[in-house]
Amino acid sequence: MIDFFKKLFKPEGSSSTARERLRLVLLSDHLSLAPDVVESLKLDLIAVISKYVEVDEAACDVTFERQDAAIAMMANIPILSMKTRPPSPPPTPSGPPPAPEPPPSSFGTPATAKVADEPAAAKPPSPPRRKRRRRRANVSPSLGNAAPVPG
Amino acid sequence: MSARRIVLTSGKGGVGKTTTTANLGAALAQRGHRVVLVDADIGLRNLDLVLGLEKRIVFDLVEVVEGRCQLRQALIKDKRFETLAILPAAQTRDKTAVSELQFAKVIEDLAETCDYVLIDCPAGIEHGFRNAIAGAAEAIVVTTPEVSAIRDADRVIGKLRERGLAFRIVVNRIRPEMVRSGDMLSVDDVSEILGGELLGIIPDDEEIIDTTNRGEPVVLTPDSRLAVIYEKIARRLEGEVVPLTVLHAPGFFSKLFGQRKAG
Amino acid sequence: MHDVQPEPIAPVIPKPRGRAIVITSGKGGVGKTTTTANIGAALARTGATVVLVDADVGLRNLDIVMGLEARVRHHVLDVLESRATLDDALVVDKRVSTLRLLAAAQTREKDEVDTQAMHDLIDRLREQFDYVLIDCPAGIEMGFQNAIVGADEAIVVCTPEVSAVRDADRVVGLLGNREKIWLVVNRLRPALVRKGKMLSVDDVNAILRLPLLGVIADEPGVIVSTNKGEPLALDDASPTGAAYRAIAGRIAGTDTSAPVIPTEPTAMQRLGAFFGGSAR
């Protein structure tokens with residue numbers, strides 16, 4: 001009889017636990033089943049960060065770890081030095097952007113300021129990191145199926 | 001006009017592929033289609049047993065592939081239906097006895113002679129699975145609403161997507177009372193998690209055990225609720241839009257007064 | 001200063017090697033993984049050191065049935081291919097300190113496992129653990145071959161259904177000579193057996209003819225336990241758990257009772273049926 005009342009007043013059954021565990025397990029399965037996607041993600045990440053700092057590309061590492069109720073991406077990206085000039089801000093529709101203030105020259109010499117030589121118009125403005133990651137690697141909570149993303 | 005070639009697969013064993021193949025095939029045959037069921041589980045055949053045809057096996061799929069008999073010699077016509085036949089697997093060989101190309105060829109040949117070829121896929125994602133899907137143009141993924149089964153179905157769906165095989169999902173052995181009490185994933189949960197369209201929902205029902213024991217497809221029992229459900233699945237497969245059966249757990253009062261709401 | 005007498009050298013008694021038992025069936029979905037998880041948990045609870053090995057490469061489920069899926073960092077193939085040490089790969093159970101899990105690789109296939117390497121791994125594990133329980137995949141192909149290699153004993157899990165019995169029979173033939181081969185009958189529905197609509201344990205064993213290790217009745221609690229990842233063997237209130245604990249006792253030799261064959265639906269089944277479950 002107690003079981004009956006327990007069932008009446010039980011807030012959630014084991015199915016919600018099952019749903020949550022499945023979500024995580026499938027995400028984990030999909031990540032490990034798409035090594036090429038993970039590789040692309042890593043390269044994209046390094047490329048974006050390289051706009052701001054010099055990185056040791058060979059020593060970069062991206063892994064996924066389960067932490068309780070979520071999967072976290074852990075990126076270990078050794079930084080060698082700052083770039084001397086930050087990249088130009090994206091062009092605004094109202095007119096050409098104001099020329100950026102030259103940063104204090106505590107790091108490096110103008111010779112290493114690669115970014116300043118790049119024409120700002122040649123590269124499209126990089127979207128926020130999170131959005132880009134989602135588009136390429138499909139690591140958002142929505143579940144695709146365990147197939148490698150083509151291309 | 002070539003037949004539709006459909007593989008029934010799951011990843012996880014024991015979720016009801018063979019039972020579904022047998023009963024769906026029988027339901028399609030009852031509706032007038034010419035149906036051939038192919039047992040791709042070489043070494044552990046069971047389609048024959050489920051249909052009660054085990055004593056009539058003379059030749060099997062491996063012997064067809066090896067040219068030791070004609071395809072039509074290996075086919076066993078089920079006498080209870082006008083238009084149902086099965087191609088049994090070999091019992092004493094293993095799945096490497098047949099290659100993907102060879103299997104696909106057999107299915108192609110069969111497809112010239114009927115309207116539906118249903119391929120009963122073995123459990124797993126290895127050689128046997130690859131053979132079974134090699135012959136197919138579409139798939140039915142059978143799963144139960146349990147964590148392990150869904151995980152395996154997900155893996156299989158990934159493989160199907162790799163091959164560009166369209167699929168629909170059959171959720172088997174659902175227990176509405178457990179879904180209601182929150183102790184079992186619902187059909188919507190399953191469909192959402194796997195990202196596929198539902199073809200059918202089959203409730204857990206002891207009737208299946210009994211009919212399998214007797215080697216009789218459940219569609220032969222006239223007022224069986226499972227027969228109605230398989231018939232609906234057959235109609236959906238044909239392309240008809242059939243509303244999904246609303247499954248009710250027998251309620252407290254109906255149980256008390258001896259009635260059971262039809263599933 | 002007096003002479004220090006040398007310590008007498010104690011005779012080195014080699015620790016007996018652990019037992020390697022494969023849990024197999026032929027037919028998929030009859031409860032091998034659930035049985036492996038529960039027997040392992042029950043044995044470990046008595047203090048024995050137990051490692052569960054998931055041999056279902058590509059379709060791993062032992063981790064999720066044990067509720068340890070979030071703790072898996074490395075798997076069998078990582079160890080066999082020297083990308084991780086055994087210690088790294090062994091997952092410590094959340095509840096029982098003497099229980100470990102060695103997960104299968106999810107993204108590989110069974111053909112990629114070297115049989116000899118698997119044999120050596122099982123041997124290695126036997127040096128460390130009292131019990132090595134190997135969860136065998138369905139089928140009788142490479143996966144099955146790799147799972148049974150290295151196991152001196154086997155437990156055949158079978159449900160009282162014609163397909164399962166047929167496949168189990170095939171597997172018994174393929175197992176050949178082992179020190180011990182036992183039978184566990186799973187998912188019995190006593191009410192159906194009574195009505196003559198389901199094979200009885202005797203029916204099953206008339207064909208398989210194996211020493212009976214235990215009989216587990218079908219009950220919804222098993223589904224709940226896999227939803228949660230909590231083996232019933234660790235639940236003192238569960239009759240199914242009690243059945244698994246008795247099985248563990250028989251394996252260990254501490255329980256010499258004959259297995260109880262359930263004849264009546266359990267109280268929980270009756271309650272469930274009363275409040276709307278399917279009739280048992």
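Chain C of this predicted model holds an open sheet of eight strands, ordered 3-4-2-5-1-6-7-8, with mixed pairing. Strands are DSSP runs of E with at least two residues, helices are runs of H or I with at least four, and both are numbered from the N terminus. Two strands pair if DSSP finds at least two bridges between them.

**Sheet edges, chain C**
- Strand 3 (91-92) and strand 8 (212-217) of chain C each have a single partner strand, so one side of each lacks a neighbour in the sheet.
- Strand 3 of chain C pairs with strand 4 (residues 99-102) of chain C over two bridges, in the antiparallel sense.
- C:Val92 sits opposite C:Arg100 of strand 4 of chain C.

**Helices on the sheet, chain C**
- Helix 5 (residues 115-128) of chain C packs on the sheet and touches strand 1 (19-24), strand 2 (50-54) and strand 5 (131-135) of chain C.
- Its direction makes about 145° with that of strand 5 of chain C.
- Helix 9 (residues 201-208) of chain C lies across strand 6 (153-158), strand 7 (180-188) and strand 8 of chain C, at about 150° to strand 7 of chain C.
- Axes are lines fitted to C-alpha atoms, for helices over the stretch in contact; angles run from 0 to 180 degrees between N-to-C directions.

**Chain B against chain C**
- In chain B, 40 residues are in contact (C-beta atoms, placed from the backbone, within 7 Å) with 39 residues of chain C.
- Helix 7 (147-162) of chain B is among the helices supplying at least two residues to this side.
- Helix 7 of chain B gives the most, with five residues.

**Conventions**
- Residues are numbered from 1 along each chain as its sequence is written, and chains are lettered from A and ligands numbered from 1 in the order written.
- Local features need pLDDT of at least 70, side-chain atom pairs count only at pLDDT 80 or more, and totals for chains, interfaces and linings use all residues.

Terms used: Contact = placed C-beta atoms within 7 Å.
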